[in-house]
Amino acid sequence: MKQHKTIIILSFILITLVIPLVNQTPSTSIIIKQTSESRQNELRFSATITNTKEWLNNTGFDQPIDPWYAEIKGDSRDITSSEDNNEANFIVLGDEREFTAINGTPQASDWIPTPKPGFSIYPDRYTINQYGCNASHEYWEDAGSFNIYGVRGNQTRNRPSVLWRRVIEMPVDMNDYRITSANLTVIFNASANTNVETPNDNLNPPAANPTAAEYDHVKFYVQLSDLEDKVRYPAASYEPRNLGFGDLSAYDNGPNDGIEHNIPDTQLISVSEEVLVFYLNRILEYDSRNFTIFLGIDIDVEDNYTEFDRDTYYSLLIKTCNLTFTYKKIINEFTSLSWSQDGNKISSLSNYDVIVKDANLNFLYKVDKNWTSNTTSLNSEIRILINGNPHSESIKLTKANSTFQDAKVGGFDVTPLITDDVNVSIQVYLADEFRLGDNITISIDNASLLITYSIIQPDIVGSGGGGGGTKVIRGPDYTPLVIGLSVGIIALIAVFGLYQARYKHPPMVRKIKKLKKKIKKGKKLKSLIVIPREELIRIGFKNKTHQILDDEFLQSEKLKEIAKMPNNKKINKKSNKGEK
Ligand SMILES: [Ca+2]
Ligand SMILES: [Ca+2]
Ligand SMILES: [Ca+2]
Ligand SMILES: [Ca+2]
C-alpha cells in the first residue's frame with residue numbers, strides 16, 4: 001500500500017509539472033478568446049505580450065469629425081450637435097418669446113362679431129369703429145313704437161349680447177413651449193341714460209309698482225378658448241353697476257327725460273397672472289398652434305315698472321385690449337445627445353486570446369453658461385456608455401465650469417464594460433423637464449480611451465497584428481522535449497515502483513509475501529513437503545561419505561596404473577611435474 005501511495009504522489013507531481021508547460025491560461029481581466037483549429041493540437045510554451053493603446057481615433061474632434069457621429073434620443077427639438085474649434089458640442093436649445101399681437105384698439109380686420117353661445121340676440125347696434133368695439137341698445141316695451149336706433153319696441157329684447165372673436169396663430173408649436181408669464185389689460189368706457197335703473201336709484205313713483213331684482217346692468221368681458229371652442233375660460237370682466245345712475249320717474253322714462261351718465265375709462269378685472277397662464281397653456285394643449293380670444297358685451301335690462309319701461313345705453317365700448325405673454329422652450333425629460341465612435345474590436349489585435357487588463361476613459365468638458373442658474377434641472381448629466389451600457393459614474397452638469405476640466409482626474413475605469421466591441425458614447429442626458437430661455441452649449445474635447453491588453457501567444461508569429469507595432473519573435477517548439485521528458489519520468493517511476501514493490505526483498509521473503517497474499521485472497525494452495533532437520537543431515541552425510549569413497553577408489557586405481565609403467569616414464573612424469 002505504501003508503494004502505491006508513493007506512485008500516486010509521484011504521478012501527481014509529474015502531472016502538475018508538465019501541464020503548465022503545455023497550457024497557460026490567464027485567470028484575470030477580460031479575455032477575448034480566439035478559436036483556431038490549426039493551433040489547438042500544438043503544444044508550445046505561451047508568450048504574453050502586454051501593450052497599451054489609444055483606442056479612439058480623432059481624440060481631438062478635429063475636422064472632419066469622423067469617425068465621431070452624433071445621435072439624439074427623445075425630443076429632437078431640444079438638443080442639437082455642432083462641431084467647431086475642434087470641439088464637439090451639445091447645444092441644449094433654449095428659446096424665449098413674447099406674444100404681443102393683441103394690443104391697442106381692436107381693429108375690424110382682426111375681430112369678427114359673433115353671437116353669445118345659446119339662445120341669444122344682438123344689441124340694436126354693434127360695430128368696430130375707430131374707438132374700438134362698440135355696442136348700443138335701447139330696451140323699450142312699447143311694441144307700437146320705434147326706439148332711438150329705429151328698432152321696434154319689444155319686451156323680449158332684454159338680454160342682447162355681442163362678442164368679437166379673434167383667432168390667434170402662434171409662430172411656433174406651443175407643444176414645445178410653456179407660457180411662463182402673462183398680462184391682460186382691457187379698457188372700456190360706457191355711457192347710458194339715467195332712465196337705466198341701477199341699484200342706487202330711487203325707483204318711483206310707488207303707483208308704478210317699481211320692482212327690481214338684478215336691476216339694469218351690462219358686463220364687459222374677455223374669454224379665452226381653444227380653436228374648436230371645447231373649453232372657454234373667463235379671463236377678465238367688469239360690470240359697471242352704477243352705469244345710468246340717476247332717478248327718473250316711471251312716467252318720464254324716455255331718453256329725453258333723463259341725462260347721459262358715463263363710466264370713464266376703466267380696466268376690466270383680469271384673473272390672476274397664475275390663472276391666466278394656466279388658461280393659456282390649457283387652451284394650447286387642444287391645439288398647440290391656435291387659440292381664440294373673445295371680447296364680449298352683455299346687456300341685461302329689467303322691466304322695473306308696470307308702465308312701459310325704457311332703458312337706453314348709448315355706448316358700450318371696449319376701447320383697448322392688450323394681451324401679452326412670454327413663453328419658454330420646454331426641454332423634455334430623457335432627451336439625450338451622444339457623440340459616439342465605434343472602435344475596432346479587441347479581437348482585431350491578434351488571432352490569439354487577448355486579455356483587456358485595463359480600460360481608462362477620460363475627456364475634457366465645459367459649459368458656456370452656469371447650468372444651475374439657467375435651468376431647474378439638477379439631475380441632468382454627462383454619461384459614458386460603452387456598447388450602450390452606462391458607466392456607474394456620471395458628471396452632473398451643475399458641476400460643469402466655463403473652462404475645460406477633466407471629466408475625472410485619473411479617468412474612468414471602464415474595463416468591465418469592454419467586450420470584444422468597443423463602442424464609446426459620451427452623452428448629455430437631460431434627466432428633468434425644465435424650461436430654457438437660451439441655448440446652453442456643453443463642449444467636449446481630448447477624449448481618450450487607453451486600453452492595456454495582453455496577448456496570450458501560444459505560437460508566436462512575426463507581427464502584433466494591429467497591436468500598436470508589437471514585434472514578436474517565433475519561439476522554439478518544445479513538443480518533443482516535453483514528450484521525451486514525460487516518457488522518461490514515467491519509465492523511471494515504473495522501475496522504481498517495481499523495485500520497491502518486489503525486487504528489494506530476498507527470494508524467500510518474496511515467496512512468503514506471495515503466499516501471504518494468496519492466503520489473504522483465499523486462493524487454494526499447493527501442498528508443501530517438509531523435510532525434517534535430521535533427515536537433511538543424514539542425506540548430507542550420506543552424500544559426503546559417497547564422495548569420499550569414490551575419491552579413495554579413484555586414487556587406488558591411479559596408483560595401480562603408475563606401478564605398471566616403465567621407470568623413465570615415471571621419472572619424466574616426475575620431472576615434468578617438477579618443472580611446473
Ligand atoms: Ca337711473
Ligand atoms: Ca328705465
Ligand atoms: Ca329698467
Ligand atoms: Ca421639448
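Modeller: What follows is a set of questions about a predicted model, each answered by setting a value against its criterion.

Biologist: What makes up the secondary structure of the protein?

Modeller: There are eight helices and 27 strands. Of the 580 residues, 27% are buried. Among contacts between residues at least 6 apart in sequence, 81% join residues at least 24 apart.

Biologist: How do you know that the span of α3 is close to what is expected?

Modeller: Helix α3 covers residues 273-286, which is 14 residues. The expected span is 1.5 Å times one less than the number of residues.

Biologist: What makes a group of residues a nonpolar core, and how many residues has the largest one here?

Modeller: The members must be buried, must belong to a set of nonpolar residue types that also takes in Tyr and Cys, and must be joined through C-beta atoms within 7 Å. The largest such core has 52 residues, and V222, L280, L295 and I318 have the most contacts inside it. Two or more residues come from each of β9 (132-140), β10 (161-169), β11, β12, β13, α3, β16 and β17. β17 gives the most, with nine residues. Another core, of 49 residues, lies apart from it, and V92, V422, Y429 and I444 are among its members.

Biologist: How do you know that β10 and β16 are paired?

Modeller: Pairing needs at least two bridges between the strands. Nine bridges join β10 to β16, so the two count as paired, and they run antiparallel. In this pair R166 stands opposite I293 of β16. By the same criterion β12 and β13 pair, because six bridges join them. There, Y221 stands opposite S237 of β13.

Biologist: What about β13 and β15, and how many bridges join them?

Modeller: Two bridges join β13 to β15, so the pair meets the requirement of at least two. A236 stands opposite S270 of β15.

Biologist: Why are β7 and β15 said to stand at the edges of their sheet?

Modeller: The open sheet has six strands in the order β7-β10-β16-β12-β13-β15, with antiparallel pairing. β7 (112-114) and β15 each have a single partner strand, so one side of each is left without a neighbour in the sheet. Helix α3 packs on this sheet, touching β12, β13, β15 and β16, and its direction makes about 50 degrees with that of β12.

Biologist: Is N85 buried or exposed, and what is its phi?

Modeller: N85 has 9 other C-beta atoms within 10 Å, so it is exposed. Its phi is near 50 degrees, which is positive, and N85 lies in the loop between β4 (79-84) and β5 (87-92). Most residues other than glycine have a negative phi, and most peptide bonds are trans.

Biologist: Which peptide bonds are cis?

Modeller: Among them are the bond joining D66 and P67, with omega about 0 degrees, and the bond from N204 to P205, with omega near 0 degrees. P67 lies in the loop between β2 (47-54) and β3 (69-73), whereas P205 is in the loop between β11 and β12.

Definitions and conventions
Residues are numbered from 1 along each chain as its sequence is written. Chains are lettered from A and ligands numbered from 1 in the order in which they are written. This is a predicted model: local features need pLDDT of at least 70, side-chain atom pairs count only at pLDDT 80 or more; totals for chains, interfaces and linings use all residues. Helices (H or I, at least four residues) and strands (E, at least two) are DSSP runs, numbered from the N terminus. A residue is buried if 20 or more other C-beta atoms lie within 10 Å of its own, exposed if 12 or fewer, and partly exposed in between; C-beta atoms are placed from the backbone. Two residues are in contact if their C-beta atoms, placed from the backbone, lie within 7 Å. Axes are lines fitted to C-alpha atoms, for helices over the stretch in contact, and angles run from 0 to 180 degrees between N-to-C directions.
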